[in-house]
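Take a look at this structure.

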Amino acid sequence: MVEPITINVRYLAQDVRLPQEQVQSVVDLLDAGMPVSFIARYRRDMTKNLNEELLRQIEEALRDARALSERKMTILKTLEAAGKLTPELDQNFREAKSIKRLEDLYLPHKPKRPATAAAAKNLGLEPLAQEILEGTVPPEKLDERAAEFINPDKNVKSVADALLGAGHIIADIFAGKPELVHRVREFLYQHGHLVTSRNPPKYPAAEESRIAGSDQPSKNETPQNEEPANEPPKDEEPVNELSKEDPPETVISASSESEEAASPVSETSESPESPETEVTEMFQQIQEAQAEKGIPKIISQNTLKKKKREEEKKKQIDIKARQREHFERQFTDYFHFSTKLRGIPAHKILAFNRGERHKILNVTIEADVNSILESVKELCIPAEHVHAPFLTGCLNDALQKLVVPALAKEARTDMTEYAEKHTIRSFARNLRNLLLQRPLPNRRVLAIAPVSKQDSKHGCKAAALDEFGNLLASETVFLAGNAERREHTAQVIAEMIRKYQSAVIAVGNGPGSRDVEEMVAKMLAAHFADADLSYVMVNDAGAGMYAVSPAAKEEFPNEDPFICGAISIGRRLQDALKELVKIEPASLGSGIYYHDVKGKYLKQMLAEVVESCVNFVGTDLNSATAALLGYIAGLNPMTAKRICEYRREHGLFKNRADLKSVPGINETVYHQAAGFLRITGGDNPLDATNIHPESYELAAGILEKLGFTTDVLRTAEGIKQVADKVYAEKIETLSARFSEELHAGPFAVRSVLQELCHPGRDPREKLPMPVMKRHALQFAELTPGQPLSGTVQNVTEFGAFVDIGLPESGFVHVSQMSTGYLRDAHDRTAVGDMVHVWVTEIDSVKKRVSLTLLPPGQARRQPSSPKQKGEERPQRDPVKNREAAEVPHEKVSPEPASDRRSFDRRQFESSRSKPEQRGRGNNAKDREHSSSDKSRNNSSFRKDDRLRDRVPKTFESAPVKKEVKPITEKMKQGKEPMRSFADLAQLFEQTKTDES
């Protein structure tokens with residue numbers, strides 16, 4: 001019986017670089033079923049103020065550790081069932097620290113082995129292979145010994161056949177050595193190259209006719225002694241030819257075969273008396289006679305069908321040729337490309353995969369097999385072995401046919417997984433900043449959804465919304481046409497603004513948005529020159545998806561989908577978070593190559609981002625939609641829907657305790673969700689704050705010591721008095737004093753004090769306002785050095801795209817974001833940031849604008865690596881802080897080491913099972929900073945410690961005992977809803993018992 005494997009929390013703490021006590025507390029809380037958002041806000045004293053980002057790192061590390069343990073148990077049980085498990089193997093598998101090390105150890109014991117080695121074993125050649133390995137047979141008697149294994153019945157007809165089969169078995173033994181696989185993997189990542197070349201088209205004739213004059217040679221067309229047309233970038237090395245030994249020649253006389261095949265044809269064609277020739281001449285004479293007499297040529301149906309099929313085939317070939325031409329333009333730079341395996345950026349990895357998927361590129365990993373052979377020879381062949389030459393050939397065969405191809409495939413998989421995770425993290429950061437845009441509450445909005453030029457005949461949709469996002473009226477306006485029609489459109493928009501008292505105009509930034517912007521700017525100048533009215537360009541990503549979604553049809557059953565899209569644009573300006581949660585996160589695409597990644601992991605990561613943002617901001621229980629409530633900690637879409645139904649039937653909630661009356665919300669769900677749901681104007685003023693009901697007694701005690709009661713929070717004047725007193729005596733001093741006097745945790749006391757000073761405050765209020773415009777920028781107006789303001793639309797590792805009011809966004813390269821070294825643009829800016837930029841270059845032909853964040857005259861320092869002594873890592877602009885400073889667990893932290901722009905195999909392996917620490921809480925003290933410095937100073941020690949063999953000390957958390965509440969008779973009869981799936985399981989068990 002295999003003993004169970006437990007998680008080593010000490011190693012888990014080393015992986016995430018945090019004290020073991022903190023990690024243990026987080027593991028216990030996660031095992032108790034508490035959401036990460038709840039732990040980050042209301043369990044700070046137990047986690048020592050860990051922020052949400054670190055908590056998710058621990059959660060991911062714990063998930064990986066448990067997956068590794070499950071894999072170990074599967075392997076151990078498999079070996080035990082096969083009778084191959086020994087104490088030594090059991091110990092080796094249990095001490096494996098990574099999934100790769102585990103699979104390397106399991107490789108010799110896998111049931112599925114190479115077919116050649118398995119066939120040789122079935123022929124009875126394994127004893128011969130063992131004797132050769134052990135060297136018990138002298139070289140001069142090897143042929144005699146091999147002759148004893150000749151068996152014509154088993155297709156072993158000669159000594160060569162016996163030695164060949166024994167060689168396959170030995171090669172399989174070599175390929176299964178974990179030490180050899182590990183060393184080859186290290187060599188491959190150190191010295192291997194990724195090489196890409198052009199994949200020749202499947203239909204060369206169509207390709208030549210479609211892409212005429214192309215000077216891009218194919219893989220086998222590169223002239224000798226001539227450089228390729230597209231040279232690799234300077235920072236990447238050219239292709240190194242593999243110094244392989246010439247393989248044994250396999251002579252295949254292609255010319256002789258073709259001559260033999262052609263000879264009968266030539267004889268037939270030379271024979272004038274052949275029947276085929278006579279029939280052909282007869283048909284030609286008949287056709288000539290019919291033509292002279294004017295008889296029309298009769299074409300059979302089969303001929304017509306055949307001709308139609310040929311035309312369809314040619315059409316399909318032509319379409320494929322055009323598609324290939326389109327894709328080849330994107331991958332021209334990679335037709336002759338090579339780079340080191342360890343220095344490939346994430347976006348290039350995805351580009352290689354995409355080119356290979358479209359059959360434009362051939363992607364291979366090349367390495368010097370002779371050098372690999374010399375580096376691993378000592379592991380398999382003793383120096384004085386009597387059969388060293390024979391074993392060397394077996395080892396070379398194992399490397400070329402088994403080890404290197406498998407590891408090259410593994411490297412491609414690792415690179416793809418790294419690139420996907422990097423892209424998803426970039427997408428998640430952009431999505432988070434898109435959701436946490438500053439809202440414009442209590443303002444009426446006129447929203448306009450632009451359309452492309454192809455759809456301009458259908459017109460744009462304009463929707464007037466009130467302060468709460470309700471639709472007041474809608475119109476269809478046309479931008480195409482003569483001046484009179486455009487003037488009529490401007491008049492319609494102006495009348496809607498006056499009639500419904502709109503305070504701001506929201507224009508979607510989709511196709512055709514610049515025409516709408518120009519029209520709105522002229523309308524403001526003509527009709528509202530003296531009024532304080534402006535327009536805002538709003539990101540309309542996903543608006544079309546919402547317009548045709550079931551949520552839009554349920555909310556606006558009688559409205560046109562285009563009107564629903566305009567409503568969504570206007571509501572985004574009023575409150576982006578409240579509106580965007582209705583849309584599938586993947587539809588809010590804002591990242592590089594996000595469509596190239598696995599949908600499952602992308603969906604999981606984006607769902608966590610949306611959940612984090614919703615719980616960070618919180619919501620009003622009496623006005624929140626079901627889509628918003630579904631992301632609250634502890635709730636799900638079903639319970640959110642029940643809350644809305646209960647609110648419609650029984651009226652507004654008066655206090656948080658009323659949540660317990662909603663079907664499906666038990667004590668656990670209420671405990672996790674109550675703190676994030678606020679009630680304004682309810683029975684208890686503390687319900688309007690983010691203070692959890694479990695801390696109401698603490699909050700009342702703090703107010704009493706300050707000389708107030710909870711009723712003071714009902715008025716703005718009372719709240720100001722509390723805040724003035726707290727800030728006068730300093731919040732740090734009060735936190736320490738009240739913590740001792742009230743016997744509460746210091747972080748809990750500090751959190752309550754902050755909420756009492758600003759009850760229910762929206763943390764997005766600290767963010768900058770959206771860019772209000774009254775004038776549309778024209779491309780001809782741009783000049784180098786011109787200052788502009790814009791909104792960041794997208795951020796990649798190499799730069800940011802800024803909407804400055806032109807049809808195409810301007811681009812700020814990462815080198816133009818800081819005077820010093822900046823590795824990733826995400827460290828400097830984020831989606832939704834309002835930035836001041838200056839024009840550096842203008843491309844009037846391609847309509848491109850290059851921008852900079854550096855003021856004119858500010859020179860950049862010589863770039864240097866941040867690893868050098870004395871160089872500090874640049875921080876994001878303090879103006880762009882996305883969260884309020886009073887919420888420590890949401891502080892923006894630098895990018896993690898696992899988010900580097902180049903692929904590094906060691907870093908990737910460690911990031912899979914050892915997530916890097918990415919940030920600290922805003923209130924982290926010197927203890928955390930000193931521990932962080934200590935961890936950096938001892939990084940090399942930790943690395944060596946991970947690599948050496950250690951005897952694990954296991955920890956087994958105590959099982960969480962959950963009280964099972966029995967179901968009632970009404971639940972059995974279907975008169976009362978089930979509370980959870982556990983109730984349903986009880987019903988099934990009782991039903992089975994009754995039937996038996």
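**A loop residue and a helix**

Setting aside neighbours within four places in sequence, asparagine 539 is in contact (heavy atoms within 4.5 Å) with Leu434, Asn509, Arg572 and Gln793. This is a predicted model: local features need pLDDT of at least 70, side-chain atom pairs count only at pLDDT 80 or more, and totals for chains, interfaces and linings use all residues. Residues are numbered from 1 along each chain as its sequence is written, and side-chain values use heavy atoms, with hydrogens and water left out.

Where is asparagine 539 found? The loop between strand S8 (535-538) and helix H22 (543-547) holds it. Helices (H or I, at least four residues) and strands (E, at least two) are DSSP runs, numbered from the N terminus. Asparagine 539 has a relative accessible area of 18%. That makes asparagine 539 buried, because buried means under 20% relative accessible area, exposed over 50%, and partly exposed in between (1.4 Å probe, protein chains only). Its side chain reaches the backbone nitrogen of alanine 541 at 2.9 Å.

Now turn to helix H18, residues 369-380. At the N-terminal end, aspartate 368 caps H18: a side-chain oxygen lies 3.1 Å from the backbone nitrogen of asparagine 370.

Which residues of H18 are buried? They are Val369, Ile372, Leu373, Val376 and Cys380. The buried residues pack against helices H11 (159-175), H12 (178-191) and H19 (388-435). The face turned away from the buried side carries exposed Glu374 and Glu378.

Notes: The expected span of a helix is 1.5 Å times one less than its number of residues. A polar contact is a pair of N or O atoms within 3.5 Å; within protein, one must be able to donate a hydrogen and the other to accept it, and residues adjacent in sequence count only if both atoms are side-chain atoms.
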